[in-house]
Amino acid sequence: MKVLVLVGSMRTGSLNRQLAAIAAGMAERAGATVVRADPRAIALPLYDGDVEAAGGLPPAALALAAQIEACDGLLIASPEYNYSVPGVLKNAIDWVSRAKPSPLRGKRALLLSASPSLVGGNRGLWALRMPLEALGVHVFPDMFSLASAHAVLADGALADAALATRLEELIGRWIGEGRRLTTSA
Ligand SMILES: Cc1cc2nc3c(=O)[nH]c(=O)nc-3n(C[C@H](O)[C@H](O)[C@H](O)COP(=O)(O)O)c2cc1C
């Protein structure tokens, strides 16, 4: 199974970027081929129907769509902004949804979040499920939200062993199911 790792935050010190890096390593250990998208891969111009009508998708949107097309699964780690999906990530989904044929349809996704809060950004993941599922993505039922992430992420690892085991087990189950259901695995 080929997995594209996307992060919903472009911040250099992003907690979600750190969580995504840990999860990417776990996915590799579970046997996946992992492609780490550039943190700015989602930094697309704001969707504008006039721009699309005049020239189609901008090059950065086409590049992201091609990266998604080339994978079987999406591992997305995203912050929660105001209980919802960060605008930059939603905007990227909106652009990619305009590519024909849709590169998102039939992909398998696992959603992760990290936040300094005690809820871990989980409400944002529920909001993220909606556009993804509407676009035909098979979003894995279980998700992982890291609360107090600033305190638990240290030196590129999850300092809490029980949480690390839980994440590794979740990723193993997701990759295992993807391998069973993905013809190219
Ligand atoms: C515009 C904005 C809205 C936010 N809303 C929430 C929120 O609803 N829930 C939450 O847990 N954290 C919220 N935060 C705090 C983020 O979780 C925190 O900044 C986090 O570190 C962002 O993820 P990152 O470290 O991957 O960039 C918000 C931050 C910003 C900038």
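In strand E3, Ile 76 is the bridge partner of Leu 6; strands (E, at least two residues) and helices (H or I, at least four residues) are DSSP runs, numbered from the N terminus. The model is predicted, and local features need a pLDDT of at least 70, side-chain atom pairs count only at pLDDT 80 or more, while totals for chains, interfaces and linings use all residues. Residues are numbered from 1 along each chain as its sequence is written, and side-chain values use heavy atoms, with hydrogens and water left out.

### Exercise 1: Strand pairing

Find the strands that E1 is joined to, and state in which direction they run.

Step 1. Start with E1, which spans residues 2–7 and has five of its six residues buried, where buried means under 20% relative accessible area, exposed over 50%, and partly exposed in between, with a 1.4 Å probe and protein chains only.

Step 2. Look for bridges, bearing in mind that two strands pair if DSSP finds at least two bridges between them. E1 runs parallel to E2 (residues 33–36), with four bridges joining the two, and Val 3 has Val 34 of E2 as its bridge partner. E1 is also parallel to E3 (residues 73–77), and here the number of bridges is five.

Step 3. Continue from E3 to E4, which are parallel as well and joined by five bridges; Gly 73 has its bridge partner in E4 at Arg 108.

### Exercise 2: Crossovers and the cover of E3

Work out the handedness of the unit made by E1, H1 and E2, and then decide whether the residues of E3 are buried or exposed.

Step 1. Apply the rule that a crossover is right-handed if, with the strands pointing away from the viewer, the path from the first strand over the helix to the second runs clockwise. The β-α-β unit formed by E1, helix H1 (residues 15–29) and E2 is right-handed, and E3, H4 and E4 likewise make a right-handed β-α-β unit.

Step 2. Turn to the side chains of E3, where Gly 73, Leu 75 and Ala 77 point one way and Leu 74 and Ile 76 the other, all of them buried. Because five of its five residues are buried, E3 is largely enclosed by the rest of the structure.

Step 3. Compare a helix residue: Asn 16 lies in H1 and, at 3% relative accessibility, counts as buried. The side chain of Asn 16 comes to 2.8 Å from the backbone nitrogen of Ala 114.

### Exercise 3: Backbone features in loops

Locate the cis peptide bond, and find the loop in which Tyr 83 lies.

Step 1. The cis bond runs from Lys 100 to Pro 101, with omega near -5°, and Pro 101 belongs to the loop between helix H4 (87–96) and strand E4 (108–114).

Step 2. Tyr 83, in the loop between E3 and H4, has phi near 70°, a positive value in a residue other than glycine. With a relative accessible area of 55%, Tyr 83 is exposed.

Step 3. Ser 148, which is not glycine either, has a positive phi near 45° and is placed in the loop between strand E6 (144–146) and helix H6 (149–152). At 22% relative accessibility, Ser 148 is partly exposed.

Terms used: Polar contact = N/O pair within 3.5 Å; in protein donor to acceptor, adjacent residues only side chain to side chain.
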